[in-house]
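Here are some notes to read alongside the model, written as a colleague would jot them down.

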Amino acid sequence: NPSYREMAARGRELASATTIWKVLKRGDFPSRFKVVEAIVEGCGGTDADRERFATAWRHLTMPPKPAPPRVRATPPAGKPA
């Protein structure tokens, strides 16, 4: 259970202790991944943990790409669809 200041220091000061507190205590969603990265590093997370959190953060912050339009094959003349 590191303090918020310890987490900020362990997280290379990518986010302040106050910012970390806002995310973890108040539930504010971080608009910058550096905040998530600071929390993961501040809690002793591994590179694999950081990658998992990065993937989750991207899914939550980036809109999905629209699906490509479906191309419907036209049957040859004289054959039913």
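1. Let's begin with a question: does Asp-28 count as buried, partly exposed or exposed? Asp-28 is partly exposed, because its relative accessibility is 28%, which falls between the 20% limit for buried and the 50% limit for exposed. Please keep in mind throughout that this is a predicted model.

2. Asp-28 has a charged partner: its side chain and that of Arg-26 form a salt bridge, with an N to O distance of 2.9 Å. The whole structure holds seven salt bridges, and a few others are worth a look.

3. Take Arg-50 next. A salt bridge links Arg-50 to Glu-37, with 3.8 Å between the closest N and O atoms. Glu-37 belongs to helix α3 (residues 33-42) and Arg-50 to helix α4 (residues 47-61), so this pair ties together parts that are 13 residues apart in sequence. For your distance checks, the cut-off for a salt bridge is 4 Å, so the 3.8 Å of this pair falls within the limit.

4. How accessible are the two partners? Arg-50 counts as partly exposed because its relative accessibility is 23%. Glu-37, at 14%, counts as buried, since the limit for that class is under 20%.

5. Arg-50 has another salt bridge, to Glu-51, where the closest N and O atoms are 3.0 Å apart. Glu-51 is partly exposed, with 39% relative accessible area. Through shared partners, salt bridges join Arg-12, Glu-37, Glu-41, Arg-50 and Glu-51 into one network.

6. Ile-20 sits in helix α2 (residues 17-26) and counts as buried, at 0% relative accessibility. Leaving aside residues up to four places away in sequence, Ile-20 touches Tyr-4, Met-7, Ala-8, Ala-15, Ala-38 and Ile-39.

7. Finally, how do α2 and α3 cross? Their axes come within 10 Å and cross at roughly 85°, which means that α2 is roughly perpendicular to α3. On the α2 side, the contact is made by Thr-19, Ile-20, Val-23 and Leu-24, and these meet Val-35, Ala-38 and Ile-39 of α3. Six of the contact residues are nonpolar, one is polar and none is charged.

Methods: Residues numbered from 1 in each chain as written. Predicted model: local features only at pLDDT ≥ 70, side-chain atom pairs only at ≥ 80, totals over all residues. Heavy atoms only, no water. Buried < 20%, exposed > 50% of the residue type's maximum accessible area, 1.4 Å probe, protein only. Helix = DSSP H or I, 4+ residues; strand = E, 2+ residues; numbered from the N terminus. Contact = heavy atoms within 4.5 Å. Axes fitted to C-alpha atoms, helices over the stretch in contact; angles between N-to-C directions. Parallel < 35°, antiparallel > 145°, perpendicular 65-115°, else oblique. Nonpolar A, V, L, I, M, F, W, Y, C, P; charged D, E, K, R; others polar.
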